[in-house]
Amino acid sequence: MHADSPSASTLPLLAPDEPAAFEVIEDRRRSPFLITCDHAGKRLPRALGTLGLPETELSRHIAWDLGAAQVARLLADELGAFAILQTYSRLVIDCNRPLDAPTSIPVISEHTVIPGNHELSPTQKAERARLIFQPYHDRIVSEFERRARDTQPSVLIAVHSFTPTFKGVPRPWHAGMLYNRDVRLGRALGELLRREPELVVGDNEPYSVSDLSDYGVVVYGERRGIPHVEIEIRQDLLADEAGQIAWAKRLARLLPEACAGLAL
Ligand SMILES: [Zn+2]
């Protein structure tokens, strides 16, 4: 590199012409549902280049949740609900991890080492949090606060997708319901989905929720006492528009029924 050319560390993380950290679909029907999609996008800030990875890595599940953004948008449309989608890749900073989690800015994901995330200074880490994690979560907090002022009930739906094969092991579930301390909605939705005989529905599979591996369900669902579920859908089922529409319609049909027993 030429001595006076800017290095990655001296460029601002986001240039003025780069997209905002999140996209919002507004609540059109005072729906209780508040949909988050933490891993919607795979964009990298230009200042980070490719994080030292080839395009094949930047397009696969380690970078984002394939198909999840489309399901979140379609579901918001079906329900007339608020949705918020993160624009930037989870490889920049994971918006479903506490900032002090070791995997907040991953140095390895599945078997892939992320060169651009090694040996970051505290300033570099703080900038990713300030410009990408924080605005996204600030917007979610402001939506919850508006609803509290307007006495509009809330139900948190965190939309994710998972890879059909992880570290060489195939996964049998079509979808998984994830929850931890508050079992209400996760169990109710799981039971409704299992009535569809063609579906294999995981109960806290392929992942489970914990304070270190999750953020939205813990901070907004559990700590605010808001009913919630983290929905994981297998990515091969969301590979085309037909699959995305089918899952959005299925969830839009079952979520109100799953909430019927909740005092909202
Ligand atoms: Zn995810």
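**Exercise 1. Determine how the radius of gyration of the chain stands against the value for a compact globule.**

Solution. With 264 residues, a compact globule would have a radius of gyration near 18 Å, and the chain of this predicted model has 18 Å, which agrees. The radius is taken over C-alpha atoms, and the globule rule is 2.2 Å times the number of residues to the power 0.38. Along the principal axes, the C-alpha atoms fill a box of roughly 65 × 45 × 30 Å.

Since the model is predicted, local features need pLDDT of at least 70 and side-chain atom pairs count only at pLDDT 80 or more, while totals for chains, interfaces and linings use all residues. Residues are numbered from 1 along each chain as its sequence is written, and side-chain values use heavy atoms, with hydrogens and water left out.

**Exercise 2. Identify the residues with the most contacts inside the largest nonpolar core.**

Solution. A nonpolar core is a set of buried Ala, Val, Leu, Ile, Met, Phe, Trp, Tyr and Cys residues joined through side-chain atoms within 4.5 Å, where buried means under 20% relative accessible area with a 1.4 Å probe, protein chains only. The largest such core has 39 residues, and Ile35, Leu75, Ile157, Leu189 and Leu251 have the most contacts inside it. A second, separate core of 30 residues includes Leu48, Leu53, Ile105 and Tyr220.

**Exercise 3. List the contacts of leucine 75, leaving aside its neighbours within four places in sequence.**

Solution. Taking contact as heavy atoms within 4.5 Å, one finds that leucine 75 touches Ile35, Ile157, Val159, Ala248, Leu251, Ala252 and Leu255.

Methods:
Buried means under 20% relative accessible area, exposed over 50%, partly exposed in between (1.4 Å probe, protein chains only).
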